[in-house]
Amino acid sequence: MKTIDNYNFSGKKALIRVDFNVPLDADFKVTDDTRIVAAVPTIKKVLKDGGAVILMSHLGRPKNGSEEKFSLKHIVKKVAEITNHKILFAPDCMGEKTAKMVANLKAGEILLLENLRFYNQETKGDLSFSEKLSTYGDVYVNDAFGTAHRAHASTTIVAQFFPNDKMFGYLIEKEIKSVAKVLNDSKKPVTAIVGGAKVSSKIIIIENLLNKVDNLIIGGGMAYTFIKAQGGKIGSSLVENDFIETAKEILAKAKAKNVALLLPQDSVVANDFNNDAEQQVCATNSIPDGWMGMDIGEKAIQDFSKCILNSKTILWNGPVGVFEMKNFENGTLKIAEAIVAATKKGAFSLVGGGDSVAAINKFNLAEQVSHVSTGGGAMLEYLEGKELPGIMAVMN
Ligand code: AMP
C-alpha cells in the first residue's frame with residue numbers, strides 16, 4: 001500500500017477528502033477550527049512536493065440540494081488563514097465550470113470544492129458521481145477519519161477509480177496506527193476505561209475489548225447496571241433493566257477470560273440530577289433510595305488510578321461521571337490526570353469516541369496523552385472491531 005510519505009506528488013493533482021465539517025456560529029464564523037488545523041500536514045506535504053491540492057468535504061446535513069447556511073464558502077477565509085495560503089473556491093463540486101477550474105489548477109495551488117452533500121449522490125455512494133469526482137485528481141488521499149465509517153462517494157466509492165494511486169493522509173494514518181497500538185500490537189498491561197451513560201451503546205465495544213485487554217474499568221452511568229446485576233442497591237441511579245442479563249454475561253466473560261473488571265467501589269451521589277443538588281459519598285452497592293450516582297468516589301479514583309498508572313497501554317472511552325456539571329467532574333478529571341501521568345511514564349494512551357474527548361479538552365489535557373481521536377462515530381465503530389468502508393477502500 002502506498003503511504004503519503006513515500007509518494008511524490010510533484011506535478012500531480014491530489015484529490016483530498018478532508019473533514020471540514022466544522023461548527024459555525026450565527027454569523028457563519030468557524031467556532032472550532034480543530035478539523036481544519038488537523039488537515040494541514042497532508043496539504044503541506046502535497047504542496048511541498050510540487051503538487052496541486054483539491055479539497056473536498058461535507059458541511060452539516062443539507063437535505064435538499066444547496067443551502068446557503070451549509071456552504072463551504074463560509075470557511076474559505078479560515079482555511080486560508082490556517083494554511084497561510086490562498087484558497088480558490090469552486091462554488092459547485094460538479095459542473096463544467098468546476099471541471100475547468102480543476103483543469104487550470106497549477107502546482108502549488110489549493111482549490112476547495114463546494115459542499116459535496118449538496119448532491120444526494122454523495123451520501124448514496126453514487127458510482128457516476130464518484131467517477132466524476134475522480135476525474136479531478138491524479139491521486140486520491142483520504143484524510144477524513146470522521147466519515148470513514150460511511151460508504152459515501154467521496155469517502156469510499158471514489159477510491160476504486162485510483163487502483164494504484166490511493167492512500168491515507170497523515171490524520172487517518174495516525175488514527176489507524178493508534179487503534180492498532182491499542183488493540184493489536186499493544187504493550188501489556190492493557191487497560192480500557194469505558195464510561196458514559198448507557199451500557200446499551202457500549203456493549204459491542206466491551207465485548208470486543210474483553211478479547212484484548214487485561215483490565216476493564218467501567219464507570220459513569222453504565223456502571224450502575226453492572227452493580228445492580230451483582231445484587232447491589234443503586235437508589236435512583238441510571239439503570240437499564242433490559243441489560244441486567246447482558247451485564248451479568250459480561251461479568252462472567254471477563255472472569256472466564258481473566259480480565260480484571262473494575263467497578264467503582266464508591267460513588268458521589270445526589271438527590272437530584274442537578275449541579276446544585278445535595279450530595280454525599282457512599283458505597284456504590286448501597287445507594288440510599290432517592291439518591292443517584294453522579295460521579296465516582298475517592299476510593300474508586302484511587303483504585304482506578306492505580307490500575308491506570310500500572311498500565312502500558314490505555315484506551316479511554318466515555319466519562320466516569322456527569323463531567324458537564326462542575327460538582328460532578330472530579331472523577332473524570334482524576335482519571336484524565338492518571339492517564340496523563342501514565343503517558344509521562346511511557347504508556348501509550350488513546351482517548352477516543354464520544355464524550356471522553358470533550359472531557360479531555362475541557363480539562364486542557366489533550367496535548368498530554370498520546371492520541372485524541374478526531375472521529376466520534378468512526379472511532380466507536382473501529383473499537384467495536386468493525387471494518388470501516390473508508391479505510392477498507394484505500395487498503396484493498
Ligand atoms: P456517552 O455518550 O455514552 O459516552 O455518554 C456520555 C454521557 O454520560 C455524558 O453526558 C455524561 O454526563 C453521562 N454520564 C456519565 N456518568 C453518568 C452518571 N453517573 N449518571 C448519568 N449520566 C452520566
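**Pockets, sheets and backbone**

Trainee: How much space lies in the largest pocket?
Mentor: Take a 1 Å grid over the protein atoms alone: a pocket is an open set of points with protein on both sides within 12 Å along at least five of seven lines. Points are joined across faces, edges and corners, and the volume is the space filled by probe spheres set on them. For the largest pocket that comes to about 790 Å³.

Trainee: Before we go on, what kind of model is this?
Mentor: Residues are numbered from 1 along each chain as its sequence is written, and side-chain values use heavy atoms, with hydrogens and water left out. Local features need pLDDT of at least 70, side-chain atom pairs count only at pLDDT 80 or more, and totals for chains, interfaces and linings use all residues: this is a predicted model.

Trainee: Which residues of the lining lie nearest the centre of the largest pocket?
Mentor: A lining residue has an atom within 4 Å of a point. The largest pocket has 25 of them. Nearest its centre are Thr34, Ala38, Val372, Ser373 and Thr374.

Trainee: Which element gives the most to that lining?
Mentor: Helices (H or I, at least four residues) and strands (E, at least two) are DSSP runs, numbered from the N terminus. Two or more lining residues come from each of helix H1 (34-49), helix H6 (170-183), helix H12 (355-362) and strand E17 (371-372). The top contributor, with 5 residues, is H1.

Trainee: How many residues of this lining are charged?
Mentor: Asp, Glu, Lys and Arg count as charged; Ala, Val, Leu, Ile, Met, Phe, Trp, Tyr, Cys and Pro as nonpolar; the others, Gly among them, as polar. The lining of the largest pocket has 11 nonpolar and 10 polar residues, and the charged ones number 4.

Trainee: Which strand gives the most to the lining of the second largest pocket?
Mentor: This pocket holds about 420 Å³. Of its 26 lining residues, Gly196, Ala197, Gly221, Leu238 and Val322 are closest to the centre. With 4 residues, the top contributor is strand E14.

Trainee: What is the volume of the largest cavity?
Mentor: A cavity is a set of grid points where a 1.4 Å probe fits but cannot get out. The whole structure has 1 cavity of 30 Å³ or more. Among the lining residues of the largest cavity are Asp19, Arg35, Asp143 and Thr374. Its volume is about 40 Å³.

Trainee: Which strands are the edges of the 6-strand sheet?
Mentor: Strands pair if DSSP finds at least two bridges between them. This open sheet runs E10-E8-E7-E15-E16-E17, with parallel pairing. Inside it, 4 bridges join E7 to E8, and Ile193 has Ile217 of E8 as its bridge partner. Pairing on one side only, the edges are E10 and E17.

Trainee: At what angle does H12 run to E15?
Mentor: Axes are lines fitted to C-alpha atoms, for helices over the stretch in contact, and angles run from 0 to 180 degrees between N-to-C directions. H12 lies across E15, E16 and E17. Its angle to E15 is about 105°.

Trainee: Which helix packs on the 3-strand sheet?
Mentor: That open sheet has the order E12-E11-E14 and antiparallel pairing. Its edge strands are E12 and E14, and the twist from one strand to the next averages 40°. Touching E11 and E14 is helix H10.

Trainee: Which residues does the cis peptide bond join?
Mentor: Most residues other than glycine have a negative phi, and most peptide bonds are trans. Phe28, in the loop between E1 and H1, has a positive phi of about 60°. The cis bond has an omega of about -5° and joins Lys188 and Pro189.

Note on methods:
Contact = heavy atoms within 4.5 Å.
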